[in-house]
Amino acid sequence: SYKRQNNLAQTEWFFKKALELNPKNDWACVGLGILYNEQGKIYKAERFFEKALELNPKHDWVILQLGLLYNNQSDHVKAEKLLKKNIELDPENDKLFAGLATIYNQIGRYELAEEYSKRAYELSSKHYSSVTAYNYRKLKEILNKRGIQLVYVQYPVRSIEQLKEIFKGEMGVIFVDNERLFKDAINRDGYNEYFKDMLGGDFGHCTPKGNRLLAENIANVILKEVFNK
């Protein structure tokens with residue numbers, strides 16, 4: 001909450017205090033890394049991200065954040081090595097494949113980006129369990145009874161086909177596809193224009209520019225599908 005209020009000094013104090021109380025608290029290191037990275041204190045951010053990874057070598061979010069940080073410093077080789085090493089250790093982690101695809105896209109190695117992106121998609125498709133699919137359909141059933149139109153918005157750069165498969169053969173669902181829109185924008189302007197981090201591997205928390213692009217696309221789809229405009 002202090003961070004949301006832009007009280008950065010207090011936020012920093014709390015993270016440091018948490019680390020003092022528990023020197024093995026990897027999330028406190030992550031918090032400091034994010035804080036310093038957002039302030040442009042790159043070397044401090046790198047130090048705390050690397051410390052978090054020492055404490056928890058399987059922390060995929062930190063791996064992705066470090067990869068992005070290295071890449072932003074034009075150390076593409078270091079970013080690639082980090083992601084590839086961890087893919088070898090965790091070959092079923094779709095986020096790591098997606099993260100490497102993002103890095104390849106940024107440096108113009110598009111064939112490799114497509115290869116790793118396809119593998120990420122194959123792995124992430126497994127995450128839609130029968131329970132998840134049931135819950136999505138149940139939500140649609142509830143909304144239908146209330147006369148509310150269901151609008152499903154896919155994550156930026158992710159394929160809409162995963163969601164469409166859940167509702168295959170059903171009517172009355174509006175899908176908002178953010179795959180091509182964001183991929184084109186990233187190729188044109190760069191990843192950092194639209195995302196603050198790599199939380200999802202191939203996407204993250206949006207910047208104001210990313211949020212605007214997302215909101216405009218959702219609004220345009222609703223205007224077209226619901227109001228025929």
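Let us begin at the start of helix α2, where a side-chain oxygen of N25 comes to within 3.1 Å of the backbone nitrogen of W27. Please keep in mind throughout that this is a predicted model.

Helix α2 covers residues 26-38, which makes 13 residues. From its first C-alpha to its last, α2 reaches 18 Å, close to the 18 Å expected at 1.5 Å a residue. After the helix comes G40, with a positive phi near 80 degrees.

Which residues of α2 are buried? They are D26, A28, C29, V30, G31, L32, G33, L35 and Y36. These buried residues pack against three helices, namely α1 (8-21), α3 (42-55) and α4 (60-72).

One member of that group deserves a further word. C29 has a relative accessible area of 0% and is therefore classed as buried. Another cysteine, C206, has a relative accessible area of 13%, so C206 is buried as well, since the cut-off is under 20%. As for disulfides, the structure holds 0 of them.

I turn now to the strands. In a regular strand, side chains alternate between the two faces of the sheet. Strand β1, residues 150-153, has L150 and Y152 on its covered face, while V151 and V153 lie on the uncovered one. β1 pairs with strand β2, residues 173-176, in the parallel sense over 4 bridges. Within β2, V176 is the bridge partner of V153. Between these strands, the chain passes from β1 through helix α9, residues 161-166, to β2, and this β-α-β crossover is right-handed.

Definitions and conventions. Residues are numbered from 1 along each chain as its sequence is written. This is a predicted model: local features need pLDDT of at least 70, side-chain atom pairs count only at pLDDT 80 or more; totals for chains, interfaces and linings use all residues. Side-chain values use heavy atoms; hydrogens and water are left out. A disulfide is a pair of cysteine sulfur atoms within 2.5 Å. Buried means under 20% relative accessible area, exposed over 50%, partly exposed in between (1.4 Å probe, protein chains only). Helices (H or I, at least four residues) and strands (E, at least two) are DSSP runs, numbered from the N terminus. The expected span of a helix is 1.5 Å times one less than its number of residues. Contact means heavy atoms within 4.5 Å. A polar contact is a pair of N or O atoms within 3.5 Å; within protein, one must be able to donate a hydrogen and the other to accept it, and residues adjacent in sequence count only if both atoms are side-chain atoms. Two strands pair if DSSP finds at least two bridges between them. A crossover is right-handed if, with the strands pointing away from the viewer, the path from the first strand over the helix to the second runs clockwise.
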